[in-house]
Every structure is written in C-alpha cells, then in structure tokens.
Amino acid sequence: MKSFFYHPYWYFKTRFLGQKKPLQTVLFITNECNLECKHCIIYEKENIISKSYAQIREELQYSFDLGSRFVDFEGGEPLLWRENEKNINDLIALAHEIGFFTTTVTTNAQLPIVDLKANSIWISMDGIGELHDAIRGKGAFEKLEKNISDSNHPNMHTNMVVNKINYQGIKEAVEWVEAHPKLKSIAINLHTPFPGTEQLMLTPEQRLQVLDDVIQLKKRGAPIMNSVSGLKYMKGEITDKYCFVSNFVQIDGTRTAECSGKIFNLCDSCGFCMSGEMKAVMNLKPDTIIAGLKLRNKKK
Ligand SMILES: C[S@@+](CC[C@H](N)C(=O)[O-])C[C@H]1O[C@@H](n2cnc3c(N)ncnc32)[C@H](O)[C@@H]1O
C-alpha cells in the first residue's frame with residue numbers, strides 16, 4: 001500500500017479500532033561513536049557492538065511485519081557502521097527493498113555526508129560553536145559546519161537537545177539554521193535524565209520557559225520542526241500513552257514497543273518531542289499532522 005494511503009489506514013486502525021502498532025522504527029545499528037557527548041549514555045569505547053547485516057535485515061523485517069513503514073538508523077554513530085564492503089547505504093537500500101517508505105539517519109556530522117542515500121538526515125547540533133563543543137567535545141562544531149557545507153544531500157535537518165549547558169543558546173541556534181542554505185529545520189528536544197546525566201536536566205521553571213520561547217519562535221515563522229500543539233503538550237503532564245507509534249530495536253537486539261526512557265522509568269521527565277507530537281497527532285491537531293506529513297514527504 002502506498003505511503004499516501006497508509007497513513008489514514010494506520011491512523012483509522014489506531015485511533016478508532018484501538019490497534020497499538022508502530023508506524024516508525026528506531027533501529028540502533030552500532031554503539032561505536034566518534035564523540036563522547038555529556039548527555040548521552042549509549043556510546044561505548046570498549047564494549048563495541050556493531051550489528052551484522054543479517055541481524056539488521058531480520059530486525060527491519062520484524063519491524064516491517066509489525067506495520068512500521070519509516071525507519072531511523074541510530075547509534076552510536078551510524079555513519080561508522082561497516083561490514084566488509086557494506087556501509088550505511090547498503091542498510092538504506094535493504095530497508096527500501098523490504099518495503100519501508102522512507103529512511104532517516106541521525107548523525108553527529110563528524111564524517112562527510114556525501115552520497116548518503118537516506119531520504120532525510122538529522123544532524124545533532126546542540127548550540128553554536130563553543131556551546132555545541134561544551135557538550136560534544138572541542139572541534140565538533142567546526143567539523144559539523146564543514147560537513148554540512150560540503151554535503152550534497154538535499155534534505156538535511158538539525159536536532160537540538162536542550163539542557164542546563166545550552167538552554168540559553170536556543171534562539172541563536174534556530175537563527176543559524178534559518179540562515180543556513182543547506183538546512184531545512186531544527187527539532188527541539190529537551191534533555192531526558194538517563195542515569196548519570198540527571199544534573200543536565202532543566203528545572204521545571206526552565207522547562208516551561210524554554211517551551212514558551214520555542215513556541216514564540218515557531219509562531220514568528222522560524223523553521224522549527226515541532227508543532228505548536230506538540231510543544232504545548234510538552235508543557236503539561238508527560239505520559240507514554242502514544243509512544244507505541246515508534247518501536248525500538250536496541251543495541252543489544254532487544255525489541256521494545258517503547259523508548260529506553262520508559263524502560264528507565266523516565267516518562268515523567270521525558271524531553272523527547274515525539275511524546276508531545278504523537279499526542280497532538282492522536283488528538284487530530286492540524287498543525288502537527290501537516291508538519292508530520294511534510295517531514296515524511298520523499299525528497300530523495
Ligand atoms: C544517541 S545519538 C546517536 C546518533 C549520533 N551519534 C548523533 O550524535 O546524532 C541520537 C540523538 O540522541 C540524542 N540524545 C542523547 N542523549 C540524550 C538525552 N539524554 N536526552 C535527549 N536526547 C538525547 C542526541 O543528542 C542525538 O540527537
């Protein structure tokens with residue numbers, strides 16, 4: 001069934017028939033990373049796991065059979081994934097062969113983003129210059145800037161995770177993206193306090209202020225991926241009610257119907273924007289539905 005018809009079909013079954021099946025998959029392919037970000041607990045420097053092509057094929061097929069049609073390749077750093085001659089583009093081709101409509105890759109942009117076949121690329125950028133480097137390591141922003149400029153990919157977006165270090169740099173980051181000829185949008189997520197990173201979490205007051213500021217930026221037309229409805233939901237109580245929209249295949253191969261935030265019992269302090277966006281979709285908020293459909297549009 002084509003993408004155009006699949007969305008209403010999936011929505012009808014979910015909203016009115018009580019089906020709880022994923023529409024999208026987050027698939028972790030390696031925990032190897034070329035950065036050591038302060039807010040992240042996934043990367044490994046010693047106990048490196050890089051899944052085999054065969055394992056990833058099985059995990060993609062499993063997710064597709066559940067009903068998922070969109071996949072995001074995650075890590076670690078997904079651009080580091082290799083098996084003999086194969087690289088991330090072979091995984092993207094495999095996903096399409098299985099039947100996924102679109103593929104995305106989330107990357108730290110420390111390696112060239114040239115001839116990457118994903119439909120869209122999400123580049124993690126946690127502020128401009130020193131703010132980004134304060135979280136991701138010295139020199140990371142300079143490399144990111146160069147690799148974005150040198151990239152030939154037509155559909156690149158950024159993802160900022162707001163925490164105690166960078167929360168005062170949101171406006172600057174949004175304006176940088178807005179002025180950049182190669183970037184389409186910025187998604188704003190808030191820090192989720194995975195074990196060992198609790199000190200980076202915003203206070204409740206800071207959280208509300210940040211969300212209000214982002215809503216104002218969005219209302220004046222800034223290229224923010226989050227919808228106003230989704231941002232407003234993030235100001236209220238966070239529940240995992242609709243998080244089944246994404247299924248996760250973790251780095252150890254565990255298959256979960258929810259993100260690792262739920263596994264760590266962090267739904268009350270969740271900062272992932274998808275929690276708000278999913279709630280807004282399920283409540284038929286037009287701004288969120290339009291934003292979601294635009295994102296899923298195949299650009300490549
Ligand atoms: C784990 S990274 C892996 C992909 C790639 N290496 C990168 O940096 O984009 C995927 C995304 O998760 C985000 N992330 C990591 N820890 C987080 C946390 N505690 N709360 C919210 N987002 C987090 C990162 O900022 C990044 O955008």
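**Figure 1. Helix α1 and the glycine that comes after it.** Helix α1 is followed by G18, a residue with a positive phi, near 75°. The structure shown here and in the other views is a predicted model. Y6, H7, W10, Y11 and T14 are the buried residues of α1. Viewed down the axis of α1, these buried residues fall within an arc of 125°, so they line one face of the helix. An α-helix has 3.6 residues a turn, so residues three or four places apart point the same way. The other side of α1 carries F4, F5, F16 and L17, which are exposed.

**Figure 2. Helix α5 and the elements that cover its buried residues.** Helix α5 runs through residues 140-150, and its residues A140, F141, L144, N147 and I148 are buried. Down the axis of α5, the buried residues fall within an arc of 130°, so one face of the helix is lined by them. The exposed residues E142 and K146 sit on the face of α5 turned away from its buried side. The cover over the buried residues of α5 includes the strands β6 (120-124), β7 (156-162) and β8 (183-190), together with the helices α4 (130-136) and α6 (170-179).

**Figure 3. Surroundings of the ligand.** The ligand is surrounded by 20 residues, of which H39, G76, S124, N159 and T192 are the closest. In the side chain of E77, an N or O atom is 3.1 Å from a nitrogen atom of the ligand. A polar side-chain atom of R136 is placed 3.0 Å from an oxygen atom of the ligand. At T107 the backbone is involved: one of its polar backbone atoms is 3.4 Å from a ligand oxygen atom.

**Figure 4. Cysteines C267 and C270.** Zero disulfides are found in a search of the whole structure. C267 takes part in no disulfide, and the nearest cysteine sulfur, belonging to C243, is 6.4 Å away. C270 is likewise in no disulfide; its nearest cysteine sulfur is that of C259, at 5.8 Å. A disulfide requires the two sulfur atoms to be within 2.5 Å. C267 counts as buried because its relative accessibility is 18%, and C270 counts as buried at 10% relative accessibility.

Figure 5. Most residues other than glycine have a negative phi. N84, which is not a glycine, has a positive phi near 50°. N84 belongs to the loop between β3 (82-83) and β4 (86-87), and with a relative accessible area of 72% it is exposed. L284 is also not a glycine, yet its phi is positive, about 55°. The loop that holds L284 lies between α10 (273-282) and α11 (286-296). L284 counts as partly exposed, with 47% relative accessibility.

**Figure 6. F101 in the loop between α3 and β5.** F101 is located in the loop that connects α3 (88-98) with β5 (102-107). F101 counts as buried because its relative accessibility is 10%. Between F101 and E85 there are 16 residues of separation in sequence and 25 Å in space, taken from C-alpha to C-alpha.

Terms used: Residues are numbered from 1 along each chain as its sequence is written. This is a predicted model: local features need pLDDT of at least 70, side-chain atom pairs count only at pLDDT 80 or more; totals for chains, interfaces and linings use all residues. Side-chain values use heavy atoms; hydrogens and water are left out. Buried means under 20% relative accessible area, exposed over 50%, partly exposed in between (1.4 Å probe, protein chains only). Helices (H or I, at least four residues) and strands (E, at least two) are DSSP runs, numbered from the N terminus. The arc is that of the directions from the helix axis to the C-beta atoms. Contact means heavy atoms within 4.5 Å. A residue is near a molecule or strand if one of its heavy atoms lies within 4 Å of it. A polar contact is a pair of N or O atoms within 3.5 Å; within protein, one must be able to donate a hydrogen and the other to accept it, and residues adjacent in sequence count only if both atoms are side-chain atoms.
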